[in-house]
Amino acid sequence: MARASVYPTLYYVLLISSILLFSHFNASEAQVKPPVVDGLSFSFYSKTCPKLETIVRNHLKKVFKQDNGQAPSLLVIFFHDCFVQGCDGSLLLDGSPGERNQPLNRGISTKALQTIDELRNLVHKECGRIVSCADITVLAARDAVFLSGGPDYSVPLGRRDSLNFSIEGTNNLPLPYNTTNVTLKTFATKHFDVTDVVALAGAHTFGRAHCHTFFNRLSPLDPSMDMTLAKILKTTCPSTYTRNAVNLDIRTPTVFDNKYYINLMNRQGLFTSDQDLFTDKRTKGLVNAFALNQTLFFEKFVDAVIRMSQLDVLTGNQGEIRAKCNVINNKISKLTFVMEDVEHVLN
């Protein structure tokens with residue numbers, strides 16, 4: 001009887017903690033929504049391309065029906081683009097090498113990149129070349145979350161595409177084998193606080209990861225890992241060189257929800273950077289709160305993502321609107337622009 005009573009008691013302790021934390025958020029300035037940077041607007045294309053968001057969402061509904069694995073891939077592209085030199089579509093550019101060729105980006109999905117280009121083609125046919133690939137990437141990530149069960153939210157638009165990319169900047173991307181202390185410092189350089197970091201980590205509630213990204217926890221065995229999970233992972237990943245992949249979330253791997261945090265409470269996080277959030281005293285309370293309150297998680301995730309989507313953006317006369325997402329315009333023949341303009345007029 002004594003053992004059986006422990007779990008309800010623990011649950012109520014966590015629930016009370018969650019309620020107190022939620023009350024703190026409601027009473028604090030943390031509830032203030034992220035400001036919109038100059039040059040962006042929630043109604044940027046309301047007159048020039050009013051069907052933009054409908055086009056993106058309807059196409060992604062079709063894509064995810066055939067391949068729901070593209071949803072987390074589109075969110076990864078968004079994060080990796082924004083974190084390097086801002087949300088400017090630089091990750092989409094071809095290079096010899098480019099950002100995508102760097103070690104931390106080699107898992108970027110080719111299919112998801114093609115989907116962004118399909119969206120660009122559909123949008124430009126409808127509205128002409130006025131919507132940037134950077135904006136399309138942000139919208140695709142937003143709909144990847146929503147169409148997978150996550151929150152629906154508006155994002156400010158009006159970004160321009162960069163004329164270059166950064167190879168060195170990819171070294172600043174968060175690493176899966178970082179401790180929470182390192183992760184917090186990495187995100188602090190982009191002005192994200194502890195709540196932002198724990199909320200953004202929730203993006204690992206769907207998607208898959210290759211063996212080499214978490215094998216450091218299998219050999220030697222990380223004592224913070226659930227033994228049942230460890231056995232499953234060792235079977236799938238007998239060595240760091242195995243090219244297999246596993247689900248990031250063992251409970252609902254294709255759904256955007258708060259089960260990721262429940263995994264952490266059960267020592268079933270995949271990466272070091274995930275599970276350590278439940279160890280560090282600065283982040284453990286937030287993990288508990290998000291595990292017990294999905295609404296709170298969604299709210300904080302949206303705030304953090306909107307801030308992420310505005311990192312170092314190009315606006316106004318900066319950059320350009322690319323005719324093709326993988327190359328800058330001066331590398332495209334003038335005939336291509338003429339044909340696209342004619343096609344838009346005919347449609």
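Pro97 sits in the loop between α3 (70-85) and α4, where helices (H or I, at least four residues) and strands (E, at least two) are DSSP runs, numbered from the N terminus. Pro220 has its place in the loop between β1 (208-210) and α8 (227-236).

Before going further, a word on what is being looked at. This is a predicted model, so local features need pLDDT of at least 70 and side-chain atom pairs count only at pLDDT 80 or more, while totals for chains, interfaces and linings use all residues. Residues are numbered from 1 along each chain as its sequence is written, and side-chain values use heavy atoms, with hydrogens and water left out.

As for confidence, pLDDT is the predictor's confidence in each residue, from 0 to 100. The chain has a mean pLDDT of 91, and 86% of its residues reach 70 or more. Residues 1-7 are another story: pLDDT stays under 50 there, and the model gives them zero contacts beyond four places in sequence (contact means heavy atoms within 4.5 Å). Where pLDDT is low, the predicted coordinates should not be read in detail.

Back to the backbone. Most residues other than glycine have a negative phi, and most peptide bonds are trans. His191 has a positive phi, near 70°, without being a glycine. This histidine is found in the loop between α6 (180-188) and α7 (194-201), and at a relative accessible area of 72% it is exposed. (Buried means under 20% relative accessible area, exposed over 50%, and partly exposed in between, using a 1.4 Å probe and protein chains only.) Arg267 is not a glycine either, yet its phi is positive at about 60°. Its loop runs between α9 (259-265) and α10 (272-275), and a relative accessibility of 36% makes Arg267 partly exposed.

Next comes helix packing. Two packed helices are described by the angle between their axes and the distance between the axes. Helix α4 (residues 110-127) meets helix α5 (residues 133-146) at an angle of about 115°, and their axes are 10 Å apart. Here, axes are lines fitted to C-alpha atoms, for helices over the stretch in contact, and angles run from 0 to 180 degrees between N-to-C directions. On the α4 side, the contact is made by Ile116, Leu119, Arg120 and Val123, and on the α5 side by Cys133, Ile136, Thr137 and Ala140.

Finally, the aromatic rings. Rings of Phe, Tyr and Trp (its six-membered ring) pair if their centres lie within 6.5 Å; planes under 30 degrees apart count as stacked, over 60 as edge-to-face and the rest as tilted. The count by this rule is 14 aromatic pairs. In one of them, Tyr261 and Phe297 have ring centres 5.0 Å apart and planes at 70°, so the pair is edge-to-face. Tyr261 belongs to helix α9 and Phe297 to helix α12 (residues 294-308), so this pair ties together parts that are 36 residues apart in sequence. Both Tyr261 and Phe297 are buried. Phe297 also pairs with Phe298: the centres are 5.6 Å apart and the planes at 50°, so this pair is tilted. Phe297 has a relative accessible area of 0%, and Phe298, at 13%, counts as buried too. Ring pairs link a cluster whose members include Phe206, Phe256, Tyr260 and Phe301.
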